[in-house]
Amino acid sequence: MPKITGKYETIFIVNATLTEEAIKGLVEKFTSLIAANGEVESVDVWGKRRLAYPINYKTEGYYVLVSYKSKADFPQELERQFGITEGVLRYMTTVKCEKSASKADSANSDAAEETVEVAESTEA
């Protein structure tokens, strides 16, 4: 059976009240987990930002966006790990789909990418 891979993006928010070492440790933990189970395309650390609304009485979070390729069953395991990890406020994984261009549009541009939401979860 051939190896099935897909392109995914995962954004997660870490509790900003943690120490710098703890935040960097969580970011490193999840990026290394993704690298071990797939191919990391990019890691975009947005840093500390104000939340749109309070989450568990917290008003700031540390945002990280990771783009990667992996097998289809890995994002579910990744989100399970987010759910049981203390300090992760929110996370969301999306599938990156390539949208085929029509013949008229192909002269103007190549295939565009569209993001589709897979799952969103919160800390209990």
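Is lysine 96 buried or exposed, and at what relative accessibility? In this predicted model, lysine 96 counts as buried, because its relative accessibility is 17% and the cut-off for burial is under 20%.

**View A. The salt bridge between lysine 96 and glutamate 41.** The side chains of lysine 96 and glutamate 41 meet with an N to O distance of 3.9 Å. Lysine 96 belongs to strand E4 and glutamate 41 to strand E2, so that the pair ties together parts lying 55 residues apart in sequence. Glutamate 41, at 34% relative accessibility, counts as partly exposed, whereas lysine 96 counts as buried.

**View B. The salt bridge between arginine 80 and glutamate 77.** The structure holds two salt bridges, and in the one shown here the closest N and O atoms of arginine 80 and glutamate 77 are 3.0 Å apart. Both residues lie in helix H2, which spans residues 74-84, and they are separated by three residues, about one turn of the helix. Arginine 80 counts as partly exposed at 43% relative accessibility, as does glutamate 77 at 32%.

**View C. Polar contacts of threonine 93.** Threonine 93, in strand E4 (residues 88-99), counts as buried at 1% relative accessibility. Its side chain makes a polar contact of 3.0 Å with the side chain of threonine 10, and another polar contact, of 2.8 Å, joins the side chain of threonine 93 to that of glutamate 79.

**View D. A nonpolar surface patch made by Val40, Val43 and Val45.** The patch covers about 200 Å². Valine 43, found in strand E2 (residues 38-55), is partly exposed, with a relative accessible area of 40%.

Conventions. Residues numbered from 1 in each chain as written. Predicted model: local features only at pLDDT ≥ 70, side-chain atom pairs only at ≥ 80, totals over all residues. Heavy atoms only, no water. Helix = DSSP H or I, 4+ residues; strand = E, 2+ residues; numbered from the N terminus. Buried < 20%, exposed > 50% of the residue type's maximum accessible area, 1.4 Å probe, protein only. Polar contact = N/O pair within 3.5 Å; in protein donor to acceptor, adjacent residues only side chain to side chain. Patch = residues over 30% accessible without salt bridge, like charges linked within 9 Å, V, L, I, M, F, W, Y side chains within 5 Å. Areas by Shrake-Rupley, 256 points an atom, 1.4 Å probe, with all protein chains shown as cover. Salt bridge = Lys/Arg side-chain N within 4 Å of Asp/Glu carboxyl O.
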